[in-house]
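Okay, everyone, thanks for coming. Let me put the model up and walk you through a few spots I picked out.

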Amino acid sequence: MKPANGDGQPVGPVINRRDFLALGGAALSLAAAGGLPAKAEETKPVSPGQPGWKELPVRAFLLSAPETKDVALACQFIREALPKEGVNTLVLRIEYRYQFKSHPELADFDALSRDDLRQISEACKAGGIKLIPCTNLFAHQSEQEKILPLLAKYPQFDESPEYNPPHPWVNGGAFDFYTKSVCPQHPDLYKVILPLVDELMEACEADAFHAGFDEVWVIGHPQCPRCGGKDPAELFARHATRLRDHLAEKNGRLWIWSDRLLDGKTSNLLAWQASMNNTWRAIDLIPQDILICDWKYEDAPPTPAYFAIKGFDVLASPCDKADVALAQLEMVYLIRQNGGRADFSKTLAARMQGMFATSWLDAGKFIRAYYGTEENEGTKNAGAFKALFAEIRRNRPGKSAGA
Ligand SMILES: [Zn+2]
């Protein structure tokens, strides 16, 4: 993602997802993704005169899957720190770093075992935290020059076989190569990816799955015999709906990032945090029970309200800027508080489900920065996380940790 200046032009290589990954994830070669659910019982309508608007149903955090050497550290962090902070949902960005039994060929470097994931799941349970696995199943199938396991092992799923990362790698800006995408219309795709979803859901005992879906720049590519010339919004919506339907059969909920559903040109939110490639009309084509994770890392635009008005539950999602996180929280509170003004006001208020703090760094680095045992590139990120959750706790006095 990149912000714009007053002329609508991208402002240099500020912070985008790749920068976050490059900062801490180089050794792990992780792609982007992440997310979690909110069930009916959590979606309590606020009542006039009641302070329910301050009680955010979802208080989530995105953490990269730890290196195998850091699993114990991650479990300690989950068990001890997250409940104290008030986090009630952990989205674990696993990507392909798991020893899949259904597709062992897709395990990336330093993949977690089922036992590792079970330990993390047990730590979450002990901390009263819901665990949601996350693997990006659309774009981000490459990381700079590296082709990630799905397309490395199944090149037939590549939406653009001849449109490849530049060598040597350069970040080409808003309209050049960014990451590889899968072809959502390949007839064998779901036979491979749905078992991955099922395995991660089972190991995490999850009732939701975050499938990424951010920054899909390669979609409806002219080189794809199935998708070339098709409407990107329809292609996006069809893929999201297929995954949503699969999860719904198991009482699971799909979470996705928001950016492809926002018109980047009209809003001037541009190509990363919004869509410049005509996917945004998919907002009217996808099922409204998909939970939208509205990542905005530079400021706090009123986009969560847009998703609520369009019928979606939404989480505002900041990263490493404390002032931005607090501004987004203030906006969420404002809309939730409005739910007390009239009966009809409750509908939009209840769709503002809460906050979703994110870290794209190596998990060990973030955790060590959090504890202050190491000064590293996660220090600012950890500071923003702490500032956000301190403010959330301040607004829910008397609540036991993790409640
Ligand atoms: Zn295709």
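**The zinc site and some salt bridges**

So, the zinc ion first: Glu159 (OE), Cys183 (SG), Cys224 (SG) and Cys227 (SG) coordinate it at 2.1 to 2.2 Å. Donors here are N, O and S atoms within 2.8 Å of the metal (3.2 Å for Na, K and Ca), and water is not among the atoms, so sites may look incomplete. Before I go on: this is a predicted model, where local features need pLDDT of at least 70, side-chain atom pairs count only at pLDDT 80 or more, and totals for chains, interfaces and linings use all residues. Residues are numbered from 1 along each chain as its sequence is written, and side-chain values use heavy atoms, with hydrogens and water left out.

Back to the zinc ion: along the chain, its donors are spaced E-x23-C-x40-C-x2-C. Cys183 is buried, at 0% relative accessible area, and Cys224 is buried too, at 3%. Buried means under 20% relative accessible area, exposed over 50%, partly exposed in between (1.4 Å probe, protein chains only).

Now, how many salt bridges do we get? The count is 30, taking a side-chain nitrogen of Lys or Arg within 4 Å of a carboxyl oxygen of Asp or Glu. One of them pairs Asp259 with Arg260 at 2.7 Å, N to O, and both of those residues are buried. Another joins Lys321 to Glu298, also 2.7 Å, N to O, with Glu298 buried at 16%. Then there's Glu374 with Arg368, 3.2 Å, N to O. Through shared partners, Lys69, Asp70, Arg368 and Glu374 form one salt-bridge network.
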